[in-house]
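Let's take a walk through this structure together. Have the sequence and the 3D view ready, and we'll go from one chain to the next.

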Amino acid sequence: MLEVLIFATLNGLVTGLLLFMLASGLTLIFSMMGVLNFAHASFYMLGAYFAFSISQYLGFWAGLIFAPLIVGSVGALVERYGLRRVHKSGHVAELVFTFGLAFLVEEAIQFIWGRDTKNYQSPDILDFPLFTLFGQEFSAYRGFMIAISLGIFICLYRVLTRSRIGIIIQAAITHPNTVANLGHNVPLIFMGVFGVGTALAGLAGVIAGPVLTTFPGMAAVLGSIVFVIVVIGGLGSLAGAFIASLLIGLLQSYAIASDVGMPELLNLIGVSFESSHPLNDLWTLTLPQVAPILPFLLLVLVLIFRPTGLLGKREE
Amino acid sequence: MGMIKKLSVWIGYLIVLLALPQFFDSILAISIFNQMAIAIVFSLSYNMLLGQGGMLSFGHAVYFGLGGFLAVHALILIEFETVYFSILFIPLIGGVIGLLAAIFIGSFSTRKAGTIFAMISLGIGELIAATSLIFTDFFGGEAGISGDRTFGPLFFGVDFAQDLEIYYLAAIWVFIATVFMYLFTQTPAGRMANAVRENPERAEFIGYSARRVRFISFCASGLFAGIAGGLFALNYEFITEENLNAITSGRVLLMAYIGGLGYFIGPIIGAVILTLMNSLLSNYSELWMLYLGIMFILTVMFLPRGFAGFIMMHQTAWLRGNLKQLALPYLISGIPAFLFSMTCVAMIEMMQTEEQSFSFFGMQLATDAALTWIVAITIAVAAFYATRRSLPQLRDAWESANAIPASEKTES
Amino acid sequence: MKSKIFSFRLNGLLLVSLLSLSTASQAQEPVRIAFMDPLSGTFASIGTSGLKILQFAADYLYNSKGGILGGRMIEIVPLDNKQSPTDTQLQFRRAVSDGLQIIFQGNSSAVANTLSTTIARHNRRNPEMEVLQINYSAVDPALTEEDCSFWHFRFDAHAVMKLNVLTDYIAQNQDIKSMYIIGQDYSFGHVVADTSIRLLNEKRPDIEIVGNEFHPIGQVKDFTPYVTKIVSSGADAVITGNFGADMVSLARSIIDSGLEIPVYTFYAAYDGITATLGEDGKNLIRLVHNESSNPIPTETRKDFIRAFKAKNPNNDVTQQRIVNALQMMVTAMEETQSTDPYTIALALEDMRFTNMSGEELWMRGSDHQIFQSLHVSVHTDEGVEFDADNSGFGLLSEYHVPAEETIVESSCQMQRPRR
């Protein structure tokens, strides 16, 4: 049991930190621009595909460096020539634009790279078990993923709290209009934040691609979860996003690792049902079975009872 | 608009609905009309939320799907003679279920509009779609459930075995639903929905609870989405989980948006366009979804009020009798623009195909010849340049057509 | 678009005039066959690879040799159903509208079930325009059991038949003392789980089922948590019915965790999967399937595969059964000199046909289920003459079960249309 608990925690951490890389960019973008970027996970997917193509020629490490840069540039261009135009039509139009963008990116990726699974591999140098516990290996690559994610978190934290641009962004999170009034080049900051945010998503894609499989559905699998995290954490709160990411990662991991479900619960209270009972599907439900929908349940509950999210301050 | 004029529009609408099969009578055409009928009611109901109420929903398929599932269950009950009931009223069953679901979900989700509402709708949508796959007895798993519409009492000897018969039934329902949805916009609740969308605080000041107004719109929208679901059940005689998941929710958003939010006729236009694309374009190109995505993005960027908005833009010019002035500039800009997009399509298709040559509008293009590419790129560049060059003229023509007196004209 | 709408009516007229004309004028008409599978969207790679096989087989075997039925060409009409039951309905109406009466379909049992129900209903209501369903890949047993239809023919072994073979093979391996079953939470996943448990209990009561897990289809980001459970359960082997990305992710997670236990699958090959598994999956991944991939028993089939590869260098003959289905259907047409679905269906019933691999196939008349030898193959790069995904890796058959041993009883009560 102990080994399940330890590995569930480690797995939850890996997923949670990966989710945070996406959620941090999304939160930054939302804080600055008030746009919930539906296409955020699409940039994550773009990152994986660019890195795959680069790794074919220059190896994994080149992909790790260049793919996020390319994705960030694409993001900046999208902001400059797409979002900025749509901004005039209001927030709904912006949301709908990113929604359409997510759709378009998925189609474009299928057009360029094809629809089958891509053989994107982790580098050989990290192809060894970091440690073996109770007969189960924890691969060095996963350790590397944790290290990168934590590194990003620390960098982001330092930039936001110690640098001038970070202070401007901090200010924009709570007082977006004042920042504009102070004469900062808001459009440029927008473009920069959007670029950096999408580059972070791209980086997440680069390191997730080899373990989570690079295929055209990878954005859809993650897309709405990232949303859930940002909303649960509190719109615009980076710390909230961090907590929510780990929370969701661990929650799912523990739920899968658990072996409990309705049968056990019913046993406990001494009730049993025939398998022909009309609600048999309900009585045989297990926690691992519903693990992937738990975040959505959490989302709805949080929104009903605490619409600002865990650490959020602004409602709209 | 005068009463008579209004009435004649509605009568015209009914005549068009009923007369369509007289002109296009192939099985495929009828099938497309049936899809359109369903899509029109569904996207109109979506517009009640987003267009009129300002509530962006990512889970509208829930009401459509739940209505549809109950409607198919009703068909099954009729088939096994548990109940004796005419299938004419199946859409109403769907509507009632959609309404009940909306009352329940709306009771907590309509407290706030904006992002919070959107997120709740997303969460609820995912929850219900996932739940439907778990409860396979009721929802039938990924294969769904199916019924048979030919049972129950006959309607003047019609058993609705053929799609054409269902079309006439659907057309009547579409007409009824459209009339009621239009009438809703004229009620105080409907009008207040607009007010609350624009400024909830002011609406509260004049004594309306913004939340209550949103709730009413939400319930009405659920009702009509359920009716659309019931029509779906009648037409296809089956329903699956995909009809209540995010894909269907996304599609209705696309339809309403492309058609034009805020205009009553917008979603109808969107439903027609998207149905045609979905059923016709998909057979000409594997990449039709790519084109759909591009079209959607371009619409959001350049026609923020959709196709209906584009048409309505010409109202001023039309009222002034200046529409003719625009015809030539439109043609001058339109032809190269069309040429440009078609050349791009040709190049995209050439990249995609693995064949040596492929036919494009009757032309045989050799995909591996450099010449084909050079010609295509040249045409594309030239057409793009020509479009760019002609746009200022179009803008001038537009301004002069819309100008009242020249002195009052404002910039852009 | 406008001109297309006008041609609807034209199509209708054309159809009427065709039907009213005598068969003599049809001599020049091609025999048109619909191929209805996902050709766009997420599942498109499987659909398009199937289409290429059918298209190539029709050209290679018949069209290049003067056609069938005295000079008629075979024309394959692709219809994109996006692997969605709803779009299947739309495309079915298009097929009927275009006068297509034979539909090849394979992907997703949900789609196959919908199509079978729709066709049965359509044929009952429109006896003048019947349609035949050639199912080359959907393996839900129900299609030839309780939900069997006269208009449906299956050219693949169904899930229970395949599991019979797979569990026979597992039972032989005395090293396996415990089994973990994991699958997608939908009908096929459940069939695999329930049947595996039942059969293993019969054949090797000593094998302990240490896990029976379902996960939502296509929604799992990371399979590592599941693999953790597999590891801690101490399972000696895994059975899964996963396909597509769920299959790749699961296999990769198992490999990454250093778990070197056999994984028994249905769909872990081709369309990018073999290349992705590569060296890591060697000798670990096993598949149950019909039509041996390596070694290929006959020169005829080797030539066919080489010719296919020459034309489609990036694809493989992933589903030889499509060719079987086409050949048997054409044989039925030639025998009866007819393209009428009802006549073809009768000729297909109890047909015995020797395919490219030199093996006799039997289409059972009572439930329209095909019987042929089944194989369990391993993912490897040794002894692989025909690889997959141009990766050097491919499937090598390790275990064969002749057709007569794969025969299972069917509960099918077929409703035959009266003529």
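Helices (H or I, at least four residues) and strands (E, at least two) are DSSP runs, numbered from the N terminus. What you're looking at is a predicted model, where local features need pLDDT of at least 70, side-chain atom pairs count only at pLDDT 80 or more, and totals for chains, interfaces and linings use all residues. Residues are numbered from 1 along each chain as its sequence is written, while chains are lettered from A and ligands numbered from 1 in the order in which they are written.

Let's begin in chain C, with a bit of backbone. Most residues other than glycine have a negative phi, and most peptide bonds are trans. Now look at C:Asn294 and C:Pro295: the peptide bond joining them is cis, with omega at about -5°. You'll find C:Pro295 in the loop between strand S10 (285–290) and helix H10 (299–311) of chain C.

C:Gln337, which is not a glycine, has a positive phi near 50°, and its place is the loop between helix H11 (320–336) and helix H12 (341–348) of chain C. A:Thr213 has 31 C-beta neighbours inside 10 Å, so it counts as buried.

Back in chain C, C:Arg154 belongs to strand S5 (residues 152–154). C:Arg154 is buried because 29 other C-beta atoms lie within 10 Å. Leaving out residues up to four places away in sequence, C:Arg154 touches C:Asn135, C:Leu143, C:Thr144, C:His368, C:Gln369 and C:Ile370 (contact asks for C-beta atoms, placed from the backbone, within 7 Å). C:Ala325 is 171 residues away from C:Arg154 along the chain, yet their C-alpha atoms are separated by 8.6 Å.

Step back and chain C divides into domain 1 (2–12 + 30–157 + 302–371) and domain 2 (160–293 + 373–405); such bounds come from an automatic or database domain assignment. Their C-alpha centres lie 28 Å apart. Across the boundary, 18 residues of domain 1 of chain C are in contact with 17 residues of domain 2 of chain C.

Finally, let's see how chains A and B meet. The contact takes 35 residues from chain A and 32 residues from chain B. On the chain B side, H5(B) gives the most, with 13 residues. By class, that side of chain B has 23 nonpolar, six polar and three charged residues (Ala, Val, Leu, Ile, Met, Phe, Trp, Tyr, Cys and Pro count as nonpolar, Asp, Glu, Lys and Arg as charged, and the others, Gly among them, as polar).

Which residues of H9(A) meet H5(B)? They are A:Ser224, A:Phe227 and A:Val231, and they meet B:Met119, B:Leu122 and B:Glu126.

Methods: Two residues are in contact if their C-beta atoms, placed from the backbone, lie within 7 Å. A residue is buried if 20 or more other C-beta atoms lie within 10 Å of its own, exposed if 12 or fewer, and partly exposed in between; C-beta atoms are placed from the backbone.
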